[in-house]
There are 2 protein chains.
Amino acid sequence: MAKVLTPRSENYAQWYNDLVIKAGLAENSAARGCMVIKPYGYAIWEKIQRILDDMFKETGHQNAYFPLFIPKSFFSREAEHVEGFAKECAVVTHYRLKNNPDGKGVVVDPDARLEEEYIVRPTSETIIWNTYRDWIQSYRDLPIKINQWANVVRWEMRTRLFLRTAEFLWQEGHTAHATREEAIEEAETMLKVYAQFAEQYMAMPVLKGYKTASERFAGAVETLTIEALMQDGKALQSGTSHFLGQNFARVFDVKFQTKEGKEEYVWATSWGVSTRLMGALIMSHSDDNGLVLPPKLAPIQVVIVPIYKKEEELKQIVEQAEKIATALKQLGILVKIDDDDKHKPGWKFAQYELQGVPVRLAIGPRDLQNGTVEVARRDTLSKEVVPVTGIEKRISELLDEIQNGIYQRALKFRDENTRKVDSYDEFKKVLDEKGGFILAHWDGTPETEEKIKQETKATIRCIPINNEKEEGKCMVTGKPSSQRVVFARAY
Amino acid sequence: MAKVLTPRSENYAQWYNDLVIKAGLAENSAARGCMVIKPYGYAIWEKIQRILDDMFKETGHQNAYFPLFIPKSFFSREAEHVEGFAKECAVVTHYRLKNNPDGKGVVVDPDARLEEEYIVRPTSETIIWNTYRDWIQSYRDLPIKINQWANVVRWEMRTRLFLRTAEFLWQEGHTAHATREEAIEEAETMLKVYAQFAEQYMAMPVLKGYKTASERFAGAVETLTIEALMQDGKALQSGTSHFLGQNFARVFDVKFQTKEGKEEYVWATSWGVSTRLMGALIMSHSDDNGLVLPPKLAPIQVVIVPIYKKEEELKQIVEQAEKIATALKQLGILVKIDDDDKHKPGWKFAQYELQGVPVRLAIGPRDLQNGTVEVARRDTLSKEVVPVTGIEKRISELLDEIQNGIYQRALKFRDENTRKVDSYDEFKKVLDEKGGFILAHWDGTPETEEKIKQETKATIRCIPINNEKEEGKCMVTGKPSSQRVVFARAY
């Protein structure tokens, strides 16, 4: 059968794009840089949303919804924030169209110009902190721990499905605290939630660490990040959690009265993950045959395909399939029987491989006679014939094995592609020949960081939390360094 | 205790606004006409979403996501659609800000003007049908049954929280079918789903019917609607389902090959409900003390308030409360124990009344001695003292009683406020003095409909499905009419 995807070894970027399109995850739209998330892709995103939402609620957060539009002036207030976000953005200037005087179509009505333009939110710190001013008077009103699921827009010039799109879906947490310590703890807790989600559900190992000053979120005092390694040796920032200090409180004048009756500015955090996680998921596990999904995020965990030549065989096979499906559903397993007669089994096998369904069961007439089922694993592409008796237990265990197996495989890959390097020449060589995470000494200055970025396109992905101390010399300047930091080229 | 809400009898509109604000449901924002949905309001919306989403999936729909931005030219294609939607809308004309040359803040960069402006979606038929063109070739690709949860923007000049806002949240279903009959059946099915949701979950009786031509969705062949009656005698359109014929398929050139090998345009439906349902919910059941929520949509169904004077009493009471809470949770009941010591019981009682928590339990030292609990119903404001033994069963039944009770109350109100009227004078009199649904004869012309609207502000809410045939004369023109239609002033 002809390969439907460009092989990864040939062109990784093309493989990625092929996969997203062919597996029915997403596609480009008529609105420049904005994607359509197709039903199968959206079903995965819904699982991600549901699990994260439960984790946010368990850690004491509530959902709310803030406006899509932000008055332009709000962005002028936080100097770094405007540099980081308000420059490339969608600007709403008018509120009406009218018929074209030439009779063709519609034109913008020049009489309907807004007094103050609105920015389509690229992130919501400004409008949320403008709102919090009215919600917070005293320490009794704190903490506020709110999350929002929303669409945001950043006018990216070069876009790639899921990884970088003008519009994307995300969640943004925005919390308000009475003390610096509590806000820092919140930022750290949410980073842990993200890391736990990445590892336990996405089966994707991540490094937890701090961003350097130049890689920080615009307006943050400290940015925490989880960084994952993709199969092509590039890093992907998968979630960030920011300690915002009192920056936004100052700018939007959000003060509270302490227990002791003093007036103080409120401490803030924000944190978010986006549909970019879909890209990370794809590039962590998938292969030249298509998507490989961790069972915990698969919309279909098990598919059953009947194999038959004569119509009368089908009925009995489907009966058997339904028995198995019922037993699996009782264990909470998401199962689909594909008895559609429009396609041959071979086509179906390829299709479910492409879509990353973790386990495929095939049942033919001989299986019926023998009381067996063919079980195929998507992750290893291995097959075995197993007795139908007790199969639900076997499948349930297999799903756990797969979940764990793909995590271990990704972890092994990351470990094998994490290298200590001590000279700049070696750094460049490893970067070009192998990629991956490179642990190297750096003198701590933004200048050296920038020089490395300009010369090699590698950035400091993070300074790991609880980083091991090690005396050394900056690979570029030779100045003293007390720890290695993590470099990589990144998405 | 002072009333926190303007009484309904004094000023219904003010009562509504007070309630939305004071119960913590929503508030206005810095973006004109856009609201902030606060955590408690959003928790109710989340329940609405979850239940509807399950109902959509049970009826064979999948979720997906389409872009926020729609190229302006798309709106020129469907003539009625542009009249209906593209006139009052948010127009994105630029994609960049720059520092103000005078040094203050940021301004729109005139060099970053878009070649073609984008409209922030007021509804997504156009961009979705432009996408479906690529998805549909043959009858094998049909039906497509997709729903989207999204924000939309319509530049309303006079806004009211939930009822009419510039930005609102909604779901929009967009389906594609091979035959006219199948599309009509889909539109009817989804109207039934909406009616079932309104009645079984919102406890809100609705009329199901067809809109007249002048009240139809812009671009629809037929619009089905559910209409509810609010406490002030005004109607509220609560959900609509449209049979779009082949209008959008023609405009976006979406054809398919039939089984017989012919080429035909695809048949379409769309259907939606929005955060407007929150307004309908509030105005169906609530009273001068605050919100009254049907238990099935209440984020907290039961609150337990300890009553104590001495600190040592509290511990025992809370232990008892926790036992009850555990038993209730096992029955799937959402329960909260409020042992917060910042507020007195009286304050808490008023607060939970304001927020519409269906059942409130109070436990004092005497209850501990007697093995009793005080149970208060929000809907009737009645109280009873019941034995703690078996209380979970009693509460479970009570929640059903309340759910049914408020539905019956709303139904009785609607029945008492649905009147047959046979002359135009009587029509105007009833409309001014009593409001409600008025069943009257109409000659079927848009001219008469418009005259009535201009003179009385009443519109035809719907022509009920399976409407009773009755010979009569139009109350305005005296021309023959074969059925009564439903008039009302409406939100």
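The following is a working conversation about a predicted model.

Biologist: Which domains does the assignment give for chain A?

Modeller: The assignment divides chain A into domain 1 (12-285), domain 2 (295-402) and domain 3 (418-488). Taken over C-alpha atoms, the centres of domain 2 and domain 3 of chain A are separated by 48 Å.

Biologist: Turning to charge, which residues gather in the patch of negative charge on the surface?

Modeller: The patch consists of A:Glu311, A:Glu312, A:Glu322, A:Asp339 and A:Asp341.

Biologist: Where does A:Asp339 lie?

Modeller: A:Asp339 is in the loop between β17 (335-337) and α10 (345-354) of chain A.

Biologist: And why does A:Asp339 count as partly exposed?

Modeller: A:Asp339 counts as partly exposed because its relative accessibility is 38%, and that class lies between the limits of 20% and 50%.

Biologist: A change of topic: which peptide bond of chain A is cis?

Modeller: The bond from A:Leu142 to A:Pro143 is cis, with omega near -5 degrees. A:Pro143 belongs to the loop between α5 (125-135) and β8 (144-153) of chain A.

Biologist: What joins B:Leu142 and B:Pro143?

Modeller: These two residues of chain B are joined by a cis peptide bond, with omega about -5 degrees.

Biologist: What is phi of A:Leu381?

Modeller: Phi of A:Leu381 is near 60 degrees, which is positive in a residue other than glycine. A:Leu381 sits in the loop between β19 (372-377) and β20 (383-387) of chain A.

Biologist: What about phi of B:Asn466?

Modeller: B:Asn466 has a positive phi near 55 degrees and is likewise a residue other than glycine. B:Asn466 is exposed, because its relative accessible area is 76%, and exposed means over 50%.

Conventions:
Residues are numbered from 1 along each chain as its sequence is written. Chains are lettered from A and ligands numbered from 1 in the order in which they are written. This is a predicted model: local features need pLDDT of at least 70, side-chain atom pairs count only at pLDDT 80 or more; totals for chains, interfaces and linings use all residues. Side-chain values use heavy atoms; hydrogens and water are left out. Domain bounds come from an automatic or database domain assignment. Patches are made of residues with over 30% relative accessible area and no salt bridge: like charges are joined within 9 Å, nonpolar side chains (Val, Leu, Ile, Met, Phe, Trp, Tyr) within 5 Å. Accessible areas come from the Shrake-Rupley method with a 1.4 Å probe; for residues, only the protein chains shown count as cover. A salt bridge is a side-chain nitrogen of Lys or Arg within 4 Å of a carboxyl oxygen of Asp or Glu. Lys and Arg count as positive and Asp and Glu as negative; His and the chain ends are not counted. The place of a charge is taken as NZ of Lys, CZ of Arg, CG of Asp or CD of Glu. Helices (H or I, at least four residues) and strands (E, at least two) are DSSP runs, numbered from the N terminus. Buried means under 20% relative accessible area, exposed over 50%, partly exposed in between (1.4 Å probe, protein chains only).
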